[in-house]
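New notebook page, new structure. I want to get my bearings here and jot down what I look up as I go.

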Amino acid sequence: LRDGDVVAVSHGRDAGEVPRFFRPGRRLSCTFVSAMGGSPRADSPTNPNEICRALAERSGGRALGLYAPAHVESAEMRDRLLQQEAVADTLRVAAQATVALVGIGGTDDGCTIVRSGSISLEEIGRLRRQGAVGDILGNYVDAQGSPIASPESSRLIGLSMEELRAIGTVVAVVSEPEKPPAILGVLRSGVIDVLIVDEGNA
């Protein structure tokens, strides 16, 4: 990272582990910004606002939180929220980031987005039946990397795949033994520039 960089940050267990190992050799004048909404039911280390705060503390940078849910009740409510200056401004900063730090989510019943209450077991089951193998920032893809159109995507408060693709360097950090299909699908989407995985997934 360089001074002046803006880092868009996702939710998730793997992204939440990064601050523990982030030890820059000098103070960095960077901004860490949430790239999607959070959930009050999410564990602190998996919430994007908390991850941004921890990264900023480690580097001497600045954290910019997104104070909105990851998923709202309807597309209409999403549109109203995106008209709010605080939400729109944060997402605008995230979309203009130079670097993104993201996790890759699975579609099992125990995945973070279900455990946090952002989507239900019924909804994740429907996504699986549509062919979804994984997600990045709540955007689901199939095994070939093609986006899955779903009601959940219309309720998402976060960067789209197109906005993520426009960021210069997208770094994905992922572990857990059930993740190979999700990793492969997201890699085939062409969004990821740098992939960091554990030995089993490698």
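Predicted model: local features only at pLDDT ≥ 70, side-chain atom pairs only at ≥ 80, totals over all residues.

I began with leucine 137, which sits in the loop between strand 5 (134-136) and strand 6 (139-141). I looked up leucine 137 for its backbone: its phi is positive, about 55°, although the residue is not a glycine. Is leucine 137 buried or exposed? Its relative accessible area is 1%, so I put it down as buried.

Next I went to glutamate 176, which also has a positive phi without being a glycine, this time about 85°. I found glutamate 176 in the loop between strand 7 (169-174) and helix 9. Its relative accessible area is 17%, and since buried means under 20%, glutamate 176 counts as buried.

**The aromatic pair**

How many aromatic pairs does a search of the whole structure find? I got one. The partners are phenylalanine 22 and phenylalanine 32, with ring centres 6.2 Å apart. Their planes stand at 80°, so I noted the pair as edge-to-face. Phenylalanine 22 is in the loop between helix 1 (13-21) and strand 2 (31-34), while phenylalanine 32 is in strand 2 itself, so the pair ties together parts that are 10 residues apart in sequence.

Phenylalanine 22 counts as buried at 17% relative accessibility, and phenylalanine 32 counts as buried at 2%.

**A nonpolar patch outside**

Then I turned to the surface. Leu187, Leu195 and Val197 form a nonpolar patch there, and together they have about 190 Å² of accessible area. I traced leucine 187 to helix 9, residues 180-188. With a relative accessible area of 37%, leucine 187 is partly exposed.

**Stepping back**

Last, I looked at the whole protein. I counted nine helices and eight strands. The radius of gyration is 16 Å, close to the 17 Å that the globule rule gives for 202 residues, so I can call the protein as compact as a globular protein of that length. Along the principal axes, the C-alpha atoms fill a box of roughly 50 × 45 × 30 Å.

How much of the protein counts as buried? I have 51% of the 202 residues in my notes. The accessible surface comes to about 9,500 Å², and carbon and sulfur atoms own 51% of that surface. For contacts between residues at least 6 apart in sequence, I wrote down that 72% join residues at least 24 apart.

Terms used:
Residues numbered from 1 in each chain as written. Heavy atoms only, no water. Patch = residues over 30% accessible without salt bridge, like charges linked within 9 Å, V, L, I, M, F, W, Y side chains within 5 Å. Areas by Shrake-Rupley, 256 points an atom, 1.4 Å probe, with all protein chains shown as cover. Salt bridge = Lys/Arg side-chain N within 4 Å of Asp/Glu carboxyl O. Helix = DSSP H or I, 4+ residues; strand = E, 2+ residues; numbered from the N terminus. Buried < 20%, exposed > 50% of the residue type's maximum accessible area, 1.4 Å probe, protein only. Rg over C-alpha atoms; globule rule 2.2 N^0.38 Å. Contact = heavy atoms within 4.5 Å. Phe/Tyr/Trp six-rings, centres within 6.5 Å; stacked < 30°, edge-to-face > 60°.
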